[in-house]
Amino acid sequence: MTFTPLVDTFLNLGTFAFIGVLIWLYTKAPTDPDD
Amino acid sequence: MFRNPLLLVALAVTGGIAAWGVIDNTGLAALSATTVATLFASRGWFIMLTVSLLLLVAIWLALSPYGRIKLGRDDEEPEFDTISWLTMLFAAGMGVGLLYYGAAEPVSHFILIDEYVSGPEAAERARFMTNFHWGLHAWAIYGMTALVIAYFGFRKGCANLISAPIQRVFGQRAWTLVVGWLADLSAIVAIAIGVGGSIAMGVFQVEGGVASLFGLGPERGGWLPLAIFALMCVAFVLPLLVDLSKGMALLSNIAMALAVALMLFVVIVGPTSYMMSGVVGGIGQYFWNVLPHGFATFTFFDENVEGWFQSWTLNYMAWWLAWGPFVGVFVARISRGRTIREFVVGVMVVPTLFSMIWFGVFGSLGFYGILRTELPILEVVETNINETIFFVLDQLPLSFLTTLVVVIAAFLFIVTSVVSAAFVLGMFSTGGDPDPAVKIKVIWGILLAALGLVMLLSGSIDAVRSIISLGAMPFVLVIHLLVAAFLRALVKEPVR
C-alpha cells in the first residue's frame, strides 16, 4: 500500500469522473434544438 | 428579495464564511490552508491542464475561421475605440496586485531558486516565473470567461449569468437547471471571497506605504490597518448608495495612470539600461518557454519546490479563476462588436505585454539591488513583504512622492474594484438584472467588507491566498462547462 494514498486516489477519481462528464458534453449531450 | 433562493443562499454562504472568520479566524485560516494543500497536491495537474487548454483553445479560436465571428450582430461596430478599449482592459484584471507584487514577487522566487542555481540564472528564472503567473494563462482564464459571456450575451441575447450558456445550449432540463444554479452560486462565492481578499491585500499595501511615509516601525500595533480598512469601507459604500458608475471609471483610469506614471518615472530615474535589458530579455524568454511551461507540475522535485509551486503558481491560477467571472463580465461589456480574433489578441496579448514590462522594470530594480548593491532586499521580502515596493522606491529620488502615489493608486484600485464587484454580485444574484437595486448592491458591499475584514484579521497574505483558492475551487469545474457550451454553440455558426 506504500504507493496508494487513499485521499489522493479518491479525489482524483472525482476528477476522472468529471472528465468523463466533459467527454459526454462534447460528444453525446443533447443540445437544445431551438438554439 | 426574499423570494430569490439564489440570493438568499449566496448571502448565507458568504455571510457564514465571514461570520466564521470573525468568530474563529485562526480556525478558518488553518482549515483553508490544509484543504487547499490537499486539493492542490491531488489536483494540481488538472488545474494546470485546464489553464493550458484554455490558452490553446483561445489561440485556436483566433487563428480559425471562427475568429471572424462578431460578439454581437454581424453588422455591429465596436462600442469603444481600440485605444480606450485596451486601456480599460489593463485596469480591469490586475489592479492592486501589480503594485503589491511588482518587486516582491520576482525577489521571492529568487530566494528559493537561488538555492538550486547560481544568482544570475536564478534571477532569470524568477523573472520568467513572475511573467508566467501574470501572463497569457491568467488572461486566458479571464478572456475565455469573458468571451463566453459576451458571445451568449450579445450574439444570443442571453442574460449576463454564468448559468445562461449552459441552459441555452443544453436546453432547460433538470440537470442544466441544477448545474446552472450551482454554477451561479460558485461564481458568486468565488467573486465575493476573491474581492474580499483583494481588500485585505490593498489594506496591507496602503498600511506598508503609510508606515513608510511616516516612519512607523513594526511596533505600531493593529490600529493602522483597521483605520485604513474603515476609511476604505466609507469610500466604497458611499458610491453604492448613488449611481456613480461614470465616476468609478474615472477613478479607475486615474489609478491606472498613476501606476503607469510611476513605472515611467522609475525607468527614467533608476538604472535605465539594466531595467530595459531586463524587460526585453524577459519578453524573449517568456514567449520561447510559455507553452511547455503551462504544463509544468514540478513532479520530481523536493517538498520545498512542491510547496512553492502550490503556494505561488497554483494559488495564482486559482486567484485568476476566482476573479474570472467578475472581470469576465466587465471585459465582455466593453467588448461588444469586436470579432473573436480581435478579442483574443486585445484581451490576452496586450495586457500580457504590459505585465511583462511592469514586472521587467520593478523586478529588475529588485535584482539590481540584490546582485549589484549590498541592500538588504532579500531580508525585507522575507520579513515584511508588504513594504517591499516602498523599500525599493526609497532607493530612488522623490521617494516620499512615489510612495504616496502607490498608496493613492492602491486605495483607488480597491475602492473601484469593490464598487464594480458589488454591482456584478448584485446582477448575478438577481437573475442577471442589468440594474440591480441599490439595497442589493449595498448588502453585497457590506458583505465584501466583512470578508475583507476576516482576511485582514488573518494578518498574513498567505492565509488570504489560501482562503481565495478554496473559494475558487468549484469554478475550475464551471469554466469547463462554459467552454463546452460555447464550443458546441460555435460549431453551429456558419463560417466562411
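1. **Helices α5 and α6 of chain B.** In this predicted model, helix α5 (residues 104-113) of chain B packs against helix α6 (residues 119-133) of chain B. Their axes are 8 Å apart and the angle is about 130 degrees. That angle makes α5(B) oblique to α6(B). The crossing of the pair is right-handed.

2. **Who makes that contact.** From α5(B) come B:Glu105, B:Pro106, B:His109, B:Phe110 and B:Ile113. From α6(B) come B:Ala122, B:Ala123, B:Arg125, B:Ala126, B:Arg127, B:Met129 and B:Thr130. Sorted by class, the contact of α5(B) with α6(B) has seven nonpolar, two polar and three charged residues.

3. **Chain A by itself.** Chain A has one helix and zero strands. It has 35 residues, and buried residues make up 3% of them.

4. **The contact between the chains.** Chain B gives 13 residues to the contact, and chain A gives 13 residues. On the side of chain B, the elements that supply two or more residues are α2 (25-63), α8 (163-170) and α19 (461-490). Of these, α19(B) gives the most, with five residues. By class, this side of chain B has six nonpolar, four polar and three charged residues.

5. How do helix α1 (residues 6-27) of chain A and α19(B) cross? Their axes come within 10 Å and cross at roughly 15 degrees. That makes α1(A) roughly parallel to α19(B). The crossing is right-handed.

6. **Residues in that pair.** α1(A) brings A:Phe18, A:Leu22, A:Leu25 and A:Tyr26. α19(B) brings B:Leu477, B:His480 and B:Ala484. The contact of α1(A) with α19(B) has six nonpolar residues, one polar and no charged ones.

7. **Helix α8 of chain B.** α8(B) is one of the elements on the side of chain B that touches chain A. Is α8(B) mostly covered or mostly open? It is mostly covered: eight of its eight residues are buried. They are B:Ser163, B:Ala164, B:Pro165, B:Ile166, B:Gln167, B:Arg168, B:Val169 and B:Phe170. The cover includes α7 (136-155), α9 (174-214) and α19 of chain B. Just after α8(B), B:Gly171 takes a positive phi of about 85 degrees.

8. **One residue to look at: B:Val329.** B:Val329 lies in helix α13 (residues 303-334) of chain B. Why does B:Val329 count as buried? It has 26 C-beta neighbours inside 10 Å, and the cut-off for buried is 20 or more. Leaving out residues up to four places away in sequence, B:Val329 touches B:Ile149, B:Asn160 and B:Val424. B:Ala19 is 310 residues from B:Val329 along the chain, and their C-alpha atoms are separated by 28 Å.

9. **Confidence.** The predictor gives the complex an ipTM of 0.90 and a pTM of 0.92. Chain B averages a pLDDT of 89, and 98% of the residues score at least 70. Which elements of chain B have the lowest and the highest mean pLDDT? Helix α3 (residues 82-93) has the lowest (75), and helix α12 (residues 272-293) has the highest (96). Where pLDDT is low, predicted coordinates should not be read in detail.

How values were computed:
Residues are numbered from 1 along each chain as its sequence is written. Chains are lettered from A and ligands numbered from 1 in the order in which they are written. This is a predicted model: local features need pLDDT of at least 70, side-chain atom pairs count only at pLDDT 80 or more; totals for chains, interfaces and linings use all residues. Two residues are in contact if their C-beta atoms, placed from the backbone, lie within 7 Å. Helices (H or I, at least four residues) and strands (E, at least two) are DSSP runs, numbered from the N terminus. Ala, Val, Leu, Ile, Met, Phe, Trp, Tyr, Cys and Pro count as nonpolar, Asp, Glu, Lys and Arg as charged, and the others, Gly among them, as polar. Axes are lines fitted to C-alpha atoms, for helices over the stretch in contact, and angles run from 0 to 180 degrees between N-to-C directions. Angles under 35 degrees count as roughly parallel, over 145 as roughly antiparallel, 65 to 115 as roughly perpendicular and the rest as oblique. A crossing is left-handed if the near helix is turned anticlockwise from the far one by less than a right angle, and right-handed if clockwise. A residue is buried if 20 or more other C-beta atoms lie within 10 Å of its own, exposed if 12 or fewer, and partly exposed in between; C-beta atoms are placed from the backbone. pLDDT is the predictor's confidence in each residue, from 0 to 100.
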